[in-house]
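Let's go through this fold with a few quick questions. Here is what we're looking at.

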Amino acid sequence: MADSTHQSPTVHTATSDAVAPEFNHPAIALDHPDLHNPMDDLSDCESVVSADHSGTALSPFIGARLMKLGEGDEAHRFIKERLVSRLDALGAQVTVAAIHRNCSCSASAIARAQAFQVYSQAVQKKGGGGGTANVKYAWHATSKQEVSKIISYGFGYNGKPKNSGLYGSGVYFAPDGHPLECLKFAPVDEDGLRHLLLCRVILGKSELVSFGSEQSHPSSEQYDSGVDNLSSPRRYIIWSTHVNTHVLPEYVVSFRGPCCSRGLLTTLEESRQPTSPWMPVRVLIFELSKILRPSDVDLISKYFQDHRVGKLSRHLLVQRVRQIAGDGLLTRIIKSFATKQSGA
């Protein structure tokens, strides 16, 4: 931050996902981003909170102090290109309508930004994330109304898991390189727009959270957050106890897609499903037991048993097994079995 009494935490980019590296762009300092002092934005924010640079377009986020970025702004260009390029085939169907920056103008917003900095330093000092705060950029899908509330008051939490609650009770975020993971949860507003928050999140030291978990806080003091996969996460889980100290919303991306975009999302997901021949359940579970944790194998066995007695539909069974094991592992196991069966 600009205030000399507060030293910005060191922020390291991700290295675990070579396919989708973290933001790394000097225009918005995403390689080593410093918290900007909310007071520095106050005069600019007050002049544009209800209008864009032309002074004619009212902000769609009622009550939220947001500054609309011009299309010629370098940060606007980079965030737009980053989002679209990471949406696979869906990117060609998406039009970014606007990008707003959180001005952090109000007293409570300034306090939340300062709290984020303090907790970044605290996590770094305790050795979380290998001696760093492990701050990442991440996406969060929400409604237009919730954008205004989050920017104005912080994240609310009603005790119910967000985004289907597959990995415990908390607020879920998608890594910056995988916005598709949360896009399906973005509701359409009355103007046909969906909205994604681009946030900085303090991950610290992450622990693996199994599919179907009812966890609601770190399992011990050494952990700060949860992930669905340690080596290649698609979900960051920020527990309800941490959500307003470990998350800092910085940008709101509003975009429009065709009416078939949800169908296209389904098509993209289905294209990733294993399509190999049938494999006996006992063989599949045996192969999975060589790789997965015993608790995950037990959970998969339980789901198969529930399906066998009619408590779980085939669709949900497949979905839950995929969530636990991952499509890559399932595909390898099933293809290996098919190869052995064919005698190749």
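**Core, strand and helix**

Q: In the largest nonpolar core, which residues touch the most other members?
A: This is a predicted model, and its largest nonpolar core holds 28 residues. Two or more residues come from each of β8 (236-239), α8 (281-289), α9 (294-308), α10 (314-325) and α11 (327-342). The members touching the most others are Leu288, Leu292 and Ile300.

Q: Leaving aside neighbours within four places in sequence, which residues is isoleucine 300 in contact with?
A: In general, nonpolar side chains in soluble globular proteins tend to be buried together. For isoleucine 300, once those sequence neighbours are set aside, the contacts are Ile285, Leu288, Leu292, Val321 and Ile324.

Q: Which residue in β8 is the bridge partner of valine 171?
A: Strand β4 (residues 170-175) runs antiparallel to β8, with four bridges joining them. On β8, Tyr236 and Ile238 point one way while Ile237 and Trp239 point the other, and all are buried. Valine 171 has as its bridge partner isoleucine 238.

Q: Which residue in β8 is the bridge partner of valine 227?
A: Strand β7 (residues 225-227) is also antiparallel to β8, joined by two bridges. Valine 227 has as its partner there tyrosine 236.

Q: Within what arc do the buried residues of α10 fall, seen down its axis?
A: The helix's twelve residues should span 16 Å at 1.5 Å a residue, and that agrees with its end C-alpha atoms being 16 Å apart. Its buried residues are Leu317, Val321, Ile324 and Ala325. They line one face of the helix, because seen down the axis of α10 they fall within an arc of 80°.

How values were computed:
Residues numbered from 1 in each chain as written. Predicted model: local features only at pLDDT ≥ 70, side-chain atom pairs only at ≥ 80, totals over all residues. Heavy atoms only, no water. Core = buried A, V, L, I, M, F, W, Y, C linked by side-chain atoms within 4.5 Å. Buried < 20%, exposed > 50% of the residue type's maximum accessible area, 1.4 Å probe, protein only. Contact = heavy atoms within 4.5 Å. Pairing = 2+ DSSP bridges. Expected span 1.5 Å × (residues − 1). Arc of directions from axis to C-beta.
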